[in-house]
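Subject: Structure handover

Hello,

Here is the structure I said I would pass on. My notes on it follow below the entry.

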Amino acid sequence: MYFDVNGKQVFATTGGKPFDNGKPAVIFLHGSGLDHTFWGLHSRFFAFRNYAVLVPDLPGHTHSDGPALTSIEAMADWLDDIVVALDARNVSLVAHSQGCLTALEFASRYPERVRTVSFVASGLATPVNKVLLDAAENDPEAAVAMMLGWGFGSAGQLHQGPIPGNSMVAGGRTVMRGNTPTALVTDLKACNAYGNGRQAAAKITCPVQVIVAGKDRMAPAKATAELIEHLNNPVVAVIAQSGHMLPQEAPDQCRSLLKTFIFSNNPAT
Amino acid sequence: MSRFLNFDTLSLHAGQTVDAEHGARATPIYQTTSYVFPDTDTASSIFNLERGGHAYSRITNPTVGVLEQRIAALEDGSAAVCTSSGMAATFCAITAILGQGDHIVASTQMYGGNISLMKNTLPRFGITTTFVDPTDIDGFRTAIQANTKLIYGELIGNPGLDILDLEAIAKIGADHHVPFMVDATFNTPYLCRCFDYGANMTIHSVTKWMGGHGAAIGGVVVDGGNFDWGATDKYPTITEPYAPFSGINLWEEFGPSAFATRIRAEAMRDIGPSMSPMNAFLLLQGIETLSLRMDRHLSNTMALLDYLSNHKQVSWVNHPSLPSHSSHDLARKYLPKGAGSIISFGVEGGREAGKAFIENVELASHLANVGDAKTLIIHPATTTHSRIDAAALSAAGITEDMVRLSVGLEDVADITADFDNGFRAARQLAKQ
């Protein structure tokens with residue numbers, strides 16, 4: 001669906017059911033250069049289990065009006081504008097990679113809005129390799145190749161995948177190509193500049209979950225350990241064989257972990 | 001693995017997860033109609049497209065799925081759907097987005113089955129086609145109507161071998177928000193990835209070079225994922241709620257694989273032209289050696305072009321690799337490795353001489369197929385294109401004396417020796 005936020009059109013998929021703010025909300029946040037389709041194997045599941053699901057495209061990504069937002073803090077404020085605009089209540093945030101930084105900021109700034117946060121494949125910060133930043137600025141096709149090359153584990157590189165006939169890598173490349181040249185580089189710069197993760201994590205009081213990709217090359221174990229260390233009593237799970245694009249590479253395991261955590265901490269009637 | 005894998009590696013590995021229970025290195029043949037669900041929630045999730053998984057082999061099958069993902073990888077497409085034949089793939093792809101009152105602009109130079117589908121069968125469903133000479137780019141533009149929803153062509157035209165100017169046609173499609181579908185059977189992704197030049201979907205008869213062995217019939221539709229279905233309201237089957245799946249909006253939910261998902265959700269479910277697991281297995285064996293075979297097809301083709309071009313009993317030879325061919329420059333642009341392994345030529349003496357040639361070769365098989373490992377010959381005017389009228393025959397570049405040759409992988413000296421026998425018989429006929 002499309003809706004208006006601050007005079008700009010925002011697109012979000014609602015998982016196949018109309019967004020009903022009388023139900024607890026599950027809001028999914030995508031990572032750098034991606035869009036709502038990243039969460040396709042999770043959003044519909046929750047929408048058909050009595051949750052109000054929202055998977056927005058960040059400004060300047062795929063169907064949402066631009067320009068792309070230049071800081072994680074701005075993304076958190078934009079997310080709050082969405083929550084207010086739709087009067088979304090009892091929000092469970094499910095975030096991947098860059099989305100996790102936004103979730104950290106949002107949950108620490110607007111604790112009254114949030115019931116749970118699930119962090120998938122992230123650290124407290126996301127310092128971006130200079131080579132990747134340069135490529136995103138000057139050679140977007142190379143940057144997309146780097147991100148998908150590092151992002152997907154072997155299952156992705158071998159075009160395996162949970163949906164028969166679908167190639168995760170090729171689908172991701174199509175989405176990311178559509179979001180260059182401006183959105184990807186803006187996202188990466190925002191990630192690189194973000195430095196408030198430690199303070200934000202400490203302020204989050206709602207139940208939190210961290211899902212770790214065992215073969216993550218973009219949010220490696222050390223960075224994830226830092227996140228876990230600074231969150232309050234997180235529920236931690238590791239999916240050993242997955243790369244960074246865990247929600248696509250291991251969707252059944254990821255969905256099962258999200259289901260258990262959200263169903264128990266933010267139940268839908 | 002931290003980078004994209006190359007073509008030959010993907011030909012061998014893409015799509016396959018090594019069997020966890022037994023460690024089978026080859027892709028197992030899952031010869032089963034259906035699949036046991038672990039619980040009711042999983043079952044309902046699969047039926048509601050909330051998750052991947054298999055329910056019934058008419059719609060998906062693990063062996064077929066490996067083939068689909070392998071072809072998607074080789075084409076650099078976002079998704080692929082295999083079908084029982086190439087014609088089934090074409091029909092399913094067209095009807096996924098077109099219906100009553102819609103219109104296609106298509107090349108005149110296509111496989112006779114494609115022409116017949118568009119000329120005879122689709123009109124019964126209210127879908128009409130305007131055929132355009134593939135070399136007439138302006139003709140494609142002027143043929144576009146308000147109800148045009150598809151541009152269709154073969155990169156290497158059959159059997160005239162004119163090369164479609166992919167970028168020019170794709171631009172016309174983009175200008176009019178009309179997707180461009182290419183039958184890429186003759187080129188395979190090894191010779192040209194059509195999505196790199198703006199095509200939006202490809203069709204293959206994988207029976208041909210992709211399989212290569214002539215042992216299994218099959219087709220595939222590949223979704224390039226690069227068409228913006230939401231930019232126009234012309235494609236409601238993709239962008240509007242689809243009732244059988246709780247009103248799912250495929251464009252919103254599946255984005256770059258929305259078109260392939262429509263084929264899976266509708267054509268495979270409601271019509272059911274599914275590929276058998278056994279055929280998928282056989283076709284996978286062929287694809288493992290695709291580049292090796294194509295290289296040999298191409299080298300044999302060049303040798304035979306030399307042989308035929310210098311043969312006194314050959315009145316003309318047609319192949320885009322020849323500088324005299326009108327599509328030579330386009331062939332160099334789109335098919336730098338080589339312009340396929342189909343040659344057409346005329347035998348001095350016309351129809352009867354051609355008939356004598358075909359009936360007196362022994363190694364080359366006289367049959368209605370192309371892209372086999374074995375060399376094949378046929379007389380198109382009386383066989384593959386016999387169901388189209390004289391005007392369409394002429395438009396397709398087919399003459400009475402034309403012999404179509406699908407160059408195989410045999411030792412080329414044996415092929416030319418075989419042809420010598422055919423030409424000898426044609427010569428003796430002329431003396432009588």
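Which residue of S4(A) stands opposite Ala25(A)? It is Ala52(A). Please keep in mind that this is a predicted model.

The two residues belong to strands S3 (residues 25-29) and S4 (residues 52-56) of chain A, which pair in the parallel sense over three bridges.

Both strands are part of an open sheet of eight strands in chain A, with the order S1-S2-S4-S3-S5-S6-S7-S8. The pairing in this sheet is mixed. Its edge strands, each pairing on one side only, are S1 (2-5) and S8 (235-239) of chain A. On average, neighbouring strands are turned by 25 degrees against each other, direction ignored.

Two helices that pack on the sheet:

- Helix H2 (residues 72-86) of chain A touches S1, S2 (8-13), S4 and S5 (91-96) of chain A, and its direction makes about 115 degrees with that of S1(A).
- Helix H3 (residues 98-109) of chain A touches S3, S5 and S6 (114-120) of chain A, and its direction makes about 145 degrees with that of S5(A).

Then the interface. Chain B puts 41 residues into the contact and chain A puts in 31 residues. On the side of chain B that touches chain A, the elements giving two or more residues are helix H3 (62-75), strand S1 (79-83), helix H10 (250-254) and helix H11 (258-271) of chain B. H3(B) gives the most to that side, with five residues. By class, the side of chain B that touches chain A has 14 nonpolar, 19 polar and eight charged residues.

Regards

Definitions and conventions
Residues are numbered from 1 along each chain as its sequence is written. Chains are lettered from A and ligands numbered from 1 in the order in which they are written. This is a predicted model: local features need pLDDT of at least 70, side-chain atom pairs count only at pLDDT 80 or more; totals for chains, interfaces and linings use all residues. Two strands pair if DSSP finds at least two bridges between them. Helices (H or I, at least four residues) and strands (E, at least two) are DSSP runs, numbered from the N terminus. Axes are lines fitted to C-alpha atoms, for helices over the stretch in contact, and angles run from 0 to 180 degrees between N-to-C directions. Two residues are in contact if their C-beta atoms, placed from the backbone, lie within 7 Å. Ala, Val, Leu, Ile, Met, Phe, Trp, Tyr, Cys and Pro count as nonpolar, Asp, Glu, Lys and Arg as charged, and the others, Gly among them, as polar.
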